[in-house]
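The text below takes the contact between the chains as its point of entry.

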Amino acid sequence: MIEPPENFSLADNHAGVTAFLNQFRAEALGAAGVLNKSKRRRIVVAFKRIRRLAPAAALVLAAEMDRWRRIRGVRLSVIDEGEWDPQVRWMLHELGFFDLVKPMNKAAVAGAGSTPHKMIKLRSGKRIPTEFTDELQAALEGLAGPIEEKAYFYEAVTEALANVSHHAYPDLRPTNCAPWLEHRWWATGSFDTARRRLKIIFVDQGIGIPASLPTNTAFEWIRARASRLGVDNSDAAMIEGALEAGRTSRAEFGGGHGLPQMQEYVDACRDGVLRIISGRGEIVYRKGKPITRVTHEGNLGGTLIEWELER
Amino acid sequence: MIAKDFSETPAGRYPYDGKFSGERFREEFLVPNLAEGHQLVVELDGARGYPSSFLEEAFGGLIRKHKLDEETLLQRLTVVAKTPRYQRYIKIIWRYIADAAHRRQSG
């Protein structure tokens, strides 16, 4: 039995969530990232343990279920749905989680509910589908009203997808990465009706921004900057360095990570926050404030990009 | 006019990113005109927006991939925007061109 933490939030419990994800990947997809389809393992996840679920962590969880479904060719059976926290269950229902798994109690899953975070159904794709940003914008506006600064929104979202397309999944998957779905990303949005905050969230399951940087021609500049910050070449310092390298154009040719336009979207709006979790690093940029960075114990196993905007 | 003649949704660097990539715009619209010595006016109005990877690949790529020099582009290429909200991209495009030229000189 794999037990997720009660508090399934990367903001409040990064260690617990990443420990669960890594345990799930190891047991569900095979040890050392090697998929052994001949070994039939019965995987049971005690989802009823989750009492609090944050939108970003919900998307990461759903993406794992989708990976399982696509790689193994079957959906993970879920149990005890009637005993799950009702708000957690409803949030996952809105997200489309139950389309990715096999519920045993469909009545429990389909029932009405409510949650402080209204979610849009997740989207998933590869590369940069032409119609995607329009479709995402329409869904978010259905949730939270007109999108502010539409050009900046378009650019930030497109660059998030370009980042995945160019950097997240190199041709050779490192042996310490779980089997992955090449070029795939997942996206959703949530609206906190009480605090009136809209979140736009993207996730991939690739090597992470820090691990992708050595192929970037600005890598030495980024490393030197991290040293000047007085920190080791931690994942968080590397993400921040990549952000600044893009701002000063040094990383743009040969494939910058488009990170500055993700930050510019926050700056263009009334108020907001950009959070990027990648590898073991996390940076948070609040409009008008210096970037804060954290290096975590656990590795997310990909990249999460989240905008939180005041409405 | 990019929005009318190419796409309202330019995105990505390479053809594998999607239908309306910077590389495709460069190869189909910029290079044929600039290589023959024509004056080219690129109008920016009307697109959803201009992601940095699109602009850099389209315009920085003229220097990087086609060995055009900045001086030639200054003489032959004009980038315009009639509405104020598109004018910020003009400076960005020329910055990408200048950066690509600088990097080529630096080796």
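This is a predicted model: local features need pLDDT of at least 70, side-chain atom pairs count only at pLDDT 80 or more; totals for chains, interfaces and linings use all residues.

On the side of chain A the contact is made by A151(A), Y152(A) and E155(A) of helix 6, and on the side of chain B by R85(B), R88(B) and Y89(B) of helix 5. Sorted by class, the residues of this contact comprise 3 nonpolar and 3 charged ones, with no polar residue.

Across the whole pairing, 24 residues of chain A are in contact with 27 residues of chain B. The size of an interface is often given as the accessible area lost when the parts come together; here chain A and chain B bury about 2100 Å² between them, of which 47% is on carbon and sulfur atoms. The count of salt bridges between chain A and chain B is 2, and one of the residue pairs forming such a bridge is D134(A) with R48(B), whose closest N and O atoms are 2.6 Å apart.

D134(A) takes part in that salt bridge, and helix 5 of chain A, covering residues 132–144, in turn packs with helix 6 of chain A at an angle of about 120 degrees, with 10 Å between the axes. These two helices of chain A are therefore also oblique to each other, and their crossing is right-handed. Helix 5 of chain A contributes F132(A), T133(A), L136(A), Q137(A), L140(A) and E141(A) to the contact, while helix 6 of chain A contributes K150(A), F153(A), Y154(A), V157(A), T158(A) and L161(A). By class, this contact has 7 nonpolar, 3 polar and 2 charged residues.

Within chain B, helix 5 (residues 84–106) packs with helix 3 (residues 52–64) at an angle of about 45 degrees, their axes being 8 Å apart. Helix 3 and helix 5 of chain B are therefore oblique to each other, and helix 3 passes helix 5 in a right-handed crossing. The contact involves S52(B), L55(B), E56(B), F59(B), G60(B) and I63(B) of helix 3, which meet Y89(B), I92(B), I93(B), Y96(B), I97(B), A100(B), A101(B) and R104(B) of helix 5. The residues of this contact divide into 10 nonpolar, 2 polar and 2 charged.

Methods. Residues are numbered from 1 along each chain as its sequence is written. Chains are lettered from A and ligands numbered from 1 in the order in which they are written. Side-chain values use heavy atoms; hydrogens and water are left out. Axes are lines fitted to C-alpha atoms, for helices over the stretch in contact, and angles run from 0 to 180 degrees between N-to-C directions. Helices (H or I, at least four residues) and strands (E, at least two) are DSSP runs, numbered from the N terminus. Angles under 35 degrees count as roughly parallel, over 145 as roughly antiparallel, 65 to 115 as roughly perpendicular and the rest as oblique. A crossing is left-handed if the near helix is turned anticlockwise from the far one by less than a right angle, and right-handed if clockwise. Contact means heavy atoms within 4.5 Å. Ala, Val, Leu, Ile, Met, Phe, Trp, Tyr, Cys and Pro count as nonpolar, Asp, Glu, Lys and Arg as charged, and the others, Gly among them, as polar. Buried area is the accessible area (1.4 Å probe) that two parts lose on being put together, summed over both. A salt bridge is a side-chain nitrogen of Lys or Arg within 4 Å of a carboxyl oxygen of Asp or Glu.
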